[in-house]
Each structure stands twice: as C-alpha cells, then as structure tokens.
Amino acid sequence: MAREIPFWDKKVETASRDELNTIQLVGLKKQVEHACQTVFYKDRLAKVGIHNGDDIKSLADLKRIPFTTKNDLRSAYPFGLLYGSQDDLVRIHASSGTTGTPTLIYQNRKDVDMSADTMARSLVAAGCTNKDIVQNMMTYGLFTGGMCFHYGAEKLGMTVIPTSSGNTLRQIKFMHDLGTSVVHATPSYLLHLHQAIEDSEYNRKDFKWRMAVTGAEPHSEELRQKIQNKLGIEVYNCYGMSELNGPGVAFECIFRDGLHVWEDRYIMEIIDPKTEEPVPDGETGELVMTILHRDAMPLLRYRTRDLTHVITEPCACGRTHRRIARFTGRTDDMLIINGVNVFPSQIEEVILKEKGVGANYLIIVEKKGVLDKLTVQIEVTPSVFADDARVLASLAKRIKNAMSALITINPVIELKEPGSIPLATGKAIRVDDRRPKE
Ligand code: ADP
Ligand code: ZN
C-alpha cells in the first residue's frame with residue numbers, strides 16, 4: 001500500500017501559486033512596513049523611495065529593495081534591526097560573524113511560536129509524528145540548531161530529549177533505554193554515532209531508531225546513502241540558518257528528493273552572485289531569502305551565500321512550495337567545522353592580537369575519523385622562537401583559549417619557526433581544507 005503523505009497544514013502546503021503570491025505580497029508589505037521603522041533599514045529604503053509598506057504594490061517591487069548581507073547585520077549590532085519594543089523580545093540567538101562581532105537574531109513571543117510552527121511543519125513533512133521520541137544532538141545555546149528545533153518538535157508533540165551535542169556514550173544509552181526513534185544531528189556526528197554503537201556493548205537491533213534529520217553542514221547524496229545503509233535508517237536533509245530562524249527553512253518530504261522551501265514564510269530568489277541578477281530556474285546560484293513570518297527583526301533579501309538551484313518538476317507529495325537541490329557550496333570562505341561556522345577572518349583576528357606572532361599562518365582542516373579537526377599553524381617572531389619553551393607554550397595556550405572562546409571549537413595550535421610556512425606567490429593561501437570532497 002502506498003505510504004500516506006503527511007501534512008501539518010495541508011491547505012497552505014498545497015496552496016496554488018496565485019494563493020502563495022497573495023500571501024507573499026501581504027507578508028512583504030508588512031515586513032517592509034516594519035523594516036521602515038528600524039534604524040538599519042529606514043534610510044536604506046528611503047533612498048530607493050520606499051517609506052512604508054504601501055510603497056510595495058506588487059511582488060515585482062521586491063527588486064527595488066537592496067540586498068542585506070552578513071556584514072550589514074554586524075554593522076547593525078546589537079539592535080539596529082529591532083522593530084517594536086525591546087521589552088517584547090523573549091529570546092536572542094547569535095550566529096558567528098565574519099569577525100568577533102556576532103550577528104544577533106531577536107524574536108518576540110509570536111516569532112518563537114511561528115518558528116516552532118515552521119519546524120513542526122517540516123518534521124511532519126518528513127514523517128515525524130507525536131508518537132516519536134527525538135534526541136536532539138545539536139548544540140543548545142546561542143546557536144539556533146538546538147533550541148529552535150526543540151520548540152518545533154515539542155509543538156508537534158514529539159517527546160524531545162535535549163541531550164545537545166557530544167557525550168556519545170550517554171547519547172547511546174538514552175537512545176537504547178528510552179526507545180529514541182528520531183535523531184537530529186550533523187551528518188558527521190551520525191557516522192560517529194554509528195561507529196560508537198558498533199564499538200559499544202549495545203546491539204543495533206535493540207534500538208527503535210528509524211530516522212535522522214540532518215543538516216548544518218554540506219553533505220552529498222552519496223554520504224546520505226552511506227549513512228542510511230550503515231545505520232538502517234531514513235535520513236532527511238534539513239536546511240536552515242540562524243538569520244532565518246534556524247533549522248526548518250527548507251526541508252525534505254518523505255520522497256527525499258530536494259528540499260521544499262516554505263514559500264508562505266520566505267520569498268526565495270536565486271541570483272548570480274556576481275551580476276546579482278536572477279538566474280533561470282534550474283541554474284545554480286546564490287540563495288537570497290526574505291523572511292515573511294518574523295515580527296521583531298525584519299530581514300529583506302538576505303544573501304545567504306549558499307549555492308543551490310530550484311528543482312522545477314512538481315513533487316510527488318503534492319506540495320506546491322518549490323524545492324531546492326542539496327547545497328553545492330558557498331560563495332564566501334566560511335568553513336563549517338563539525339557543524340560550526342568558522343570564518344578565517346575570525347581566526348586571523350585572534351592571531352593578530354598577539355605581539356609575538358610572525359608574518360604567516362595557515363588554517364588546516366582535516367578529517368580525524370569521521371569528525372573534523374582544526375589545526376592552526378602560526379609563525380612566531382625570531383625573538384619569541386629563540387625564547388624559552390615555556391614562553392612558546394604559554395603563547396600557544398593564550399591563542400588557543402582566545403580562539404575557542406570566539407569560535408567555540410578547540411583548535412590545535414602549532415607555533416612555527418619564522419619563514420617555515422611556505423609563502424604563496426600570489427594571493428596568500430590561509431586555508432588548507434584537506435577533508436575529502438564527499
Ligand atoms: P545551522 O543551525 O543550520 O547550522 P547556522 O546559522 O549556524 O545554522 O549555519 C547556517 C549555514 O550552515 C548555512 O548558511 C549553510 O552554509 C550551512 N547549512 C545548514 N544546513 C545545511 C544543509 N542541510 N546542507 C548544507 N549546508 C547547510
Ligand atoms: Zn515533496
């Protein structure tokens with residue numbers, strides 16, 4: 001018998017293009033109205049003749065609005081994008097900025113609820129139900145992957161175990177003892193979990209584990225197949241980013257063939273990152289998103305830097321919200337290390353604050369087992385190099401602590417002799433990403 005297709009809100013999920021266009025226009029007008037009252041957007045929009053929501057007459061007016069970038073969010077730190085009163089905020093998340101200044105995401109009560117609703121809808125599309133027990137292995141805290149997923153899963157009525165990341169043996173014990181059926185984790189952690197179960201006293205067949213929701217880092221279809229085969233589960237791709245409310249922006253339905261973008265909640269554009277013009281449907285470009293369902297922090301035409309394309313064929317599930325393909329990369333130099341976003345500029349910022357460092361450094365990312373390992377090689381000055389081993393050790397420790405405080409990853413710091421890191425002949429090569437391209 002054919003599998004029944006589950007819906008959270010069938011009417012909206014199967015709305016006609018005309019209906020979706022109407023929802024988007026109403027949403028865009030409201031967002032622009034809000035944006036015009038924020039410190040950040042007010043003048044920007046006034047410059048292009050937009051003073052309030054009524055200046056948006058049709059969806060074609062979207063093009064008049066300038067793009068917003070991650071650097072813009074940094075420049076608006078902390079509350080330049082706030083609409084309404086700060087007293088109404090119930091939560092603030094943060095994402096890594098390209099340097100030490102983070103980018104903030106603020107939500108009022110309604111926003112938290114809408115974000116949970118979007119997440120719940122995504123989970124239902126993938127076949128989760130209120131009978132499922134889900135172990136959320138994404139980091140809780142400032143990062144949206146933990147809490148925003150959690151609220152959505154609770155809204156759906158799943159039983160959520162907020163284990164957060166790490167402590168694999170305890171994860172396995174809970175999975176086994178509590179009958180966990182769904183896991184939310186990065187693809188690399190799923191592989192790690194598989195290995196740890198194999199090495200443990202437990203037997204895979206005693207688990208009720210049936211599916212995983214995965215995202216936060218790029219991964220190939222081959223890797224998904226590998227995880228599915230090894231673990232004997234279904235794996236669903238979930239795309240999100242903090243600026244857009246975290247996970248659940250685009251999600252796979254039970255057909256697992258591309259990710260539906262929830263078009264009543266986001267306006268999606270795919271542009272050529274160089275010309276900034278839209279690419280024809282089906283061609284790869286940068287995803288640009290306008291958020292429609294957030295009150296406290298409008299975000300218009302946000303450059304995600306993520307590369308993908310629209311899948312033009314309709315989906316077998318009957319949802320009308322268009323799908324995008326698995327991501328093929330980014331337009332910037334952001335690294336994703338064990339699911340955590342790291343910009344080389346953040347690492348550089350820490351290094352350059354230290355007096356004893358020399359002219360060159362190199363960021364090395366490798367696979368160690370199934371997890372990523374970050375090493376930063378840094379040349380020191382001749383006088384520091386000639387100094388006592390203790391001076392070097394304390395310098396390395398200071399840099400390591402400062403880096404792990406900023407990027408939340410523990411790097412290995414290798415201090416090197418002056419001139420020992422090969423200098424590039426052209427543009428400096430600061431990153432050596434040795435991870436196999438899956
Ligand atoms: P997340 O919780 O989704 O990791 P972040 O804001 O920390 O949120 O990171 C967002 C970035 O992570 C995206 O811009 C994208 O580069 C990457 N990312 C998130 N989900 C996926 C996915 N399913 N596939 C590929 N990359 C992803
Ligand atoms: Zn579908």
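Here is a walk through the predicted model above, from the overall fold to the ligand and then to a few individual residues.

Residues are numbered from 1 along each chain as its sequence is written, while chains are lettered from A and ligands numbered from 1 in the order in which they are written. This is a predicted model, so local features need pLDDT of at least 70, side-chain atom pairs count only at pLDDT 80 or more, totals for chains, interfaces and linings use all residues, and side-chain values use heavy atoms, with hydrogens and water left out.

Let's start with the whole chain. The protein chain has 12 helices and 21 strands; these are DSSP runs numbered from the N terminus, with helices being H or I of at least four residues and strands being E of at least two. Along its principal axes, the C-alpha trace spans about 70 × 60 × 45 Å. With 438 residues, a compact globule would have a radius of gyration near 22 Å, and the 23 Å of the protein chain agrees with that. That radius is taken over C-alpha atoms, and the globule rule is 2.2 Å times the number of residues to the power 0.38.

How much of the chain is buried? Of the 438 residues, 52% count as buried, where buried means under 20% relative accessible area, exposed means over 50%, and partly exposed is in between (1.4 Å probe, protein chains only). The accessible surface of the protein chain comes to about 19,400 Å², and 53% of that belongs to carbon and sulfur atoms. Such areas come from the Shrake-Rupley method with a 1.4 Å probe, and for residues only the protein chains shown count as cover. As for contacts (heavy atoms within 4.5 Å), take those between residues at least 6 apart in sequence: 67% of them join residues at least 24 apart.

Now to ligand 1. It is surrounded by 18 residues, and the closest are N237, C238, G240, S242 and D306; a residue is near a molecule or strand if one of its heavy atoms lies within 4 Å of it. Strand 7 (residues 234-241) gives the most to this shell, with 5 residues. By type, the shell divides into 8 nonpolar, 6 polar and 4 charged residues. In that count, Ala, Val, Leu, Ile, Met, Phe, Trp, Tyr, Cys and Pro are nonpolar, Asp, Glu, Lys and Arg are charged, and the others, Gly among them, are polar.

A polar backbone atom of G240 is 2.9 Å from an oxygen atom of ligand 1, and a backbone N or O atom of S242 lies 2.8 Å from an oxygen atom of the ligand. D306 uses its side chain instead, with an N or O atom 2.6 Å from a ligand oxygen. On its own, ligand 1 has 530 Å² of accessible area, and the protein covers 96% of it.

H34 lies in helix 2 (residues 17-35) and is buried, at 6% relative accessible area. Leaving aside neighbours within four places in sequence, H34 is in contact with Y83, D295 and P298. H293 sits in the loop between strand 11 and strand 12 (302-308) and is buried too, at 8%. Its side chain reaches the backbone oxygen of R265 at 3.1 Å. Beyond four places in sequence, the contacts of H293 include Q31, D111, N245 and Y266.

Finally, some backbone features to check in the loops. The peptide bond from Y77 to P78 is cis, with omega near -5 degrees, and P78 lies in the loop between helix 4 (70-75) and strand 1 (89-95). E276 has a positive phi, near 65 degrees, without being a glycine. You'll find E276 between strand 10 (266-271) and strand 11 (285-291); it counts as partly exposed because its relative accessibility is 37%. N338 also has a positive phi, about 45 degrees, although it is not a glycine. Its loop runs between strand 16 (335-337) and strand 17 (340-342), and at 30% relative accessibility N338 counts as partly exposed.

Key: A polar contact is a pair of N or O atoms within 3.5 Å; within protein, one must be able to donate a hydrogen and the other to accept it, and residues adjacent in sequence count only if both atoms are side-chain atoms.
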